[in-house]
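Here's a protein to look over together.

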Amino acid sequence: MTPQQVLIDRVRADFEELEVVRGLWLTGSFGSRTEDEWSDVDMFALVDDDKRDGLVGGWPQFAARYGPLMLKQTPGTPAYGHILSGWLRWDLVIGTRHDLAFLDKRRVVELVNKDGVAPGSPGHRGADLDVVLEMTEEFLRVLGLLPVVLARDEMVTAVSGTGLLRQLLTTLLRYRVEGDRLSGALHLSKVLPEDQLQALMALPVAHPDPGSVTEAHLACARMFLPVARQMLAERFPVQLEEACFLHLEEHLGADAVGAGW
């Protein structure tokens, strides 16, 4: 039996006995039955509305029985992340029936259900264009900072900026496929088509010199912006994009930026 299954069985037995917990579902890769030996364990625990704050606040004391090496609550949320012995990763969300209604019933596995309730979401709801627009505006904002960090010779920040652009690009590609049901980033090879994975791996790596950073920034832009433009159609921020590249050309030179923009 795998360490993950040992944990699942133990938590299920504990929560069967814990009166405040009314239900327990596996989510993530175990919920969608795509787990492998490296998968973490994601769970959703159901409580009544008036009991949630008590369990959330008291969770560290209850969780001590599992001997976590690390226990961290995501700020402002009823979600806890644990690292257990053997580097077993376990994430737990404590929610109410309102939250249960948003779980994808096709991608969860029921472990405990004391009241006979069920997840209500029919599944994938597609990409929210407001989210795509927000990502696009953020991408252009970061891209437009390139002349600033180069002029100030802030090479560490410039390389970090490339990392931000790559992350936004990867998130956009995942979001186009998965919509509002983003899976974990550690499952990227199961989500993106092979040609997109190859394109991501072929992106130049930024080194701390102006030419390398500029090349890496623009390579990300040449992948990100056509996808965003296709997804957003008439909502694509054309004026912001044009202003960004005029700004880049003015300070970096048209040859450095490329004639294609």
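## A residue out in the open

Let's start with Asp153, which counts as exposed because its relative accessibility is 57%. The cut-offs work like this: buried is under 20% relative accessible area, exposed is over 50%, and partly exposed is in between, using a 1.4 Å probe and protein chains only. You'll find Asp153 in the loop between α6 and α7. Its phi is near 55 degrees, a positive value in a residue other than glycine.

Ala233 counts as partly exposed, because its relative accessibility is 44%.

## What you're looking at

This is a predicted model, where local features need pLDDT of at least 70 and side-chain atom pairs count only at pLDDT 80 or more, while totals for chains, interfaces and linings use all residues. Residues are numbered from 1 along each chain as its sequence is written, and side-chain values use heavy atoms, with hydrogens and water left out.

The chain has twelve helices and six strands. Those are DSSP runs numbered from the N terminus: helices are H or I with at least four residues, and strands are E with at least two. Along its principal axes, the C-alpha trace spans about 70 × 40 × 35 Å. Of the 261 residues, 45% are buried.

Now for contacts, meaning heavy atoms within 4.5 Å. Take the ones between residues at least 6 apart in sequence: 64% of them join residues at least 24 apart.

## The nonpolar cores

The largest one has 42 residues, and the members touching the most others are Phe139, Leu143, Leu172, Phe224, Leu225, Phe245 and Leu248. Elements that give it two or more residues are α5 (129-144), α6 (146-151), α7 (155-178), α9 (194-201), α10 (210-232) and α11 (238-252). The largest share, 13 residues, comes from α10. A second, separate core has 28 residues, including Leu24, Met43, Leu55 and Leu92.

In soluble globular proteins, nonpolar side chains tend to be buried together.

## Zooming in on α5

Helix α5 has 16 residues and reaches 22 Å from its first C-alpha to its last, close to the 22 Å expected at 1.5 Å a residue. That expected span is 1.5 Å times one less than the number of residues. Several of its residues are buried, among them Val132, Met135, Phe139 and Leu143. The buried residues of α5 pack against α6, α7, α10 and α11.

Which residues does Leu143 contact, leaving aside neighbours within four places in sequence? They are Leu165, His217, Ala221, Cys244, Phe245 and Leu248.

Gln196 is in helix α9, and it counts as buried because its relative accessibility is 14%. Not counting residues up to four places away in sequence, Gln196 touches Leu173 and Arg176.

Gln167, in helix α7, counts as partly exposed because its relative accessibility is 45%. Gln167 and Cys220 are 53 residues apart along the chain, and their C-alpha atoms are separated by 9.6 Å.

Methods. Core = buried A, V, L, I, M, F, W, Y, C linked by side-chain atoms within 4.5 Å.
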